[in-house]
Protein chains: 2
Amino acid sequence: MYHKIQKTIICITDYMTPRTSIQLEKIREAKRSLIMQSALEHFAKNGYYATTISHIAKHAGISKGLMYNYFPSKEALLKEIIYNYIQEIYQYFDINRDGYLTEEEFEYFIHQIYRTLKEKKSFFQLLFQMMMQSEVRLKLIELQKSIETLAARSDDSITALEKQIYKTLSDYFKRKKEKAGQEYDSDLELNIFIYTIKGFALTYVFNETEFDEEYFEKSVNKIIELYK
Amino acid sequence: MYHKIQKTIICITDYMTPRTSIQLEKIREAKRSLIMQSALEHFAKNGYYATTISHIAKHAGISKGLMYNYFPSKEALLKEIIYNYIQEIYQYFDINRDGYLTEEEFEYFIHQIYRTLKEKKSFFQLLFQMMMQSEVRLKLIELQKSIETLAARSDDSITALEKQIYKTLSDYFKRKKEKAGQEYDSDLELNIFIYTIKGFALTYVFNETEFDEEYFEKSVNKIIELYK
DNA sequence: ATTTTATGATTGAACGGTCAGTCAAATGTA
DNA sequence: TACATTTGACTGACCGTTCAATCATAAAAT
């Protein structure tokens, strides 16, 4: 079925071009995406090690060998997936780059987290899994660093995202402190808040009982109410 | 060689036992524990699939083959570990079997969670990993059910523990509701509380930066303060 | 005290299966 | 024809598992 889609794409791009140039590149890119999508689903569901290249290929409607035309190795494929998603998710949270969060923006921020979790569920499943194996995590970080030439960021993508979020929130909670009395420990409250978000993310992302979305939305609103 | 065969034949004639002492059983049990300990550490650090029997055996100071004298398979070893720890942890939380939690007991309960996380860090690392792979989780549940003859519990150990905790807490939060006004949604607050605990557990258990214990203890106290 | 013997513990080479990765050939495509 | 894409049989390494053989020890026999 994926195979058919792929053929269609080729047909569409079948202009009179004598040159196999930029169009070709686009087809290639589309297929790359297809493979990554298939791989992500398998990695997320069964884990990295339990997933075989053959399964990924079959699901993507291509042969095993072709995989290696697009990615040099299974590990490279994994890293590429993670790197790409991280980059993409980065965009979502670039809005508050001034570092100042209003209450409204804070609310938006939390909702944005929820939307992102929902939209990229599989990716977060994979990410959680990755972050729980020190061996793999180290490998990832090490390799992110070697890829970093691509972006102008000097720190590794995974923790960079975490850091940016942390910084913005830290400022927000500090400002709350100024408003509130002396008793209020902003760092501590921030940490508790992060635990809550983490726990929520974990629960949401790995929830299989096809819970109501409404249930989770209520939780999101409660969290906002508690911490805004 | 031939010599050996003769021995075997004699063996068949089946004299009564010049057998070793019953204490042998204790040594056996000790070695079983040793293997399980070694396996747990590897599983926790590198994940189930990335861990080889050879590694476990080498770390335990025994040969690969001997592993199979104590456990029928790698998977059985995993299940045995999880089952044992679950059973053990059960004990810790059996105190409030009456289902009624006072504020003091609630405080104790949270502290107990923290102590358990600390004491059985590796196990919780493994457990978190397991719970994130649907494939493995299903296998586990299915097999727990087949082992259940051992204990008089009719539901599987992992979720049973979860359920018991949930029930006790649910009652506690409901009672809070009665005290507080109408605005208070006990179920919702309970869920948020659980997210927080989960997030805290996740952070604590996979923390590698050798954070101060003091830091986490402060968090524990804050959580108590927020939810008691 | 010494030797014999039975038995469980232990070893590691070997087996069978799996899987990441390769490559020569086939199949388009211009 | 020339060039690119795609395939899937194949390879070599690895790993869970097995098993024939050895070791260690305690009781029995001498």
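Okay, let's start with the buried residues of α11 in chain A: A:F216, A:S219, A:V220, A:K222, A:I223, A:I224 and A:Y227. Buried means under 20% relative accessible area, exposed is over 50%, and partly exposed is in between, with a 1.4 Å probe and protein chains only. Helices here are DSSP runs of H or I with at least four residues, numbered from the N terminus.

Quick background: this is a predicted model, where local features need pLDDT of at least 70, side-chain atom pairs count only at pLDDT 80 or more, and totals for chains, interfaces and linings use all residues. Residues are numbered from 1 along each chain as its sequence is written, chains are lettered from A and ligands numbered from 1 in the order written, and side-chain values use heavy atoms, with hydrogens and water left out.

Back to α11 of chain A, residues 213-227: at 1.5 Å a residue its 15 residues should span 21 Å, and the end C-alpha atoms are 21 Å apart, so the two agree. That expected span is 1.5 Å times one less than the number of residues.

Over to chain B. B:S186 sits in helix α10, residues 186-206, and is buried at 4%. Beyond neighbours within four places in sequence, B:S186 touches B:F173, B:K174 and B:K177, where contact means heavy atoms within 4.5 Å.

And how do the chains relate? A rotation of 179° with 0.0 Å of shift along its axis superposes chain A on chain B, RMSD 0.2 Å, which is the relation of a two-fold axis.

Technical notes:
Helices (H or I, at least four residues) and strands (E, at least two) are DSSP runs, numbered from the N terminus. Copies are superposed by least squares on the C-alpha atoms of residues with pLDDT of at least 70 in both.
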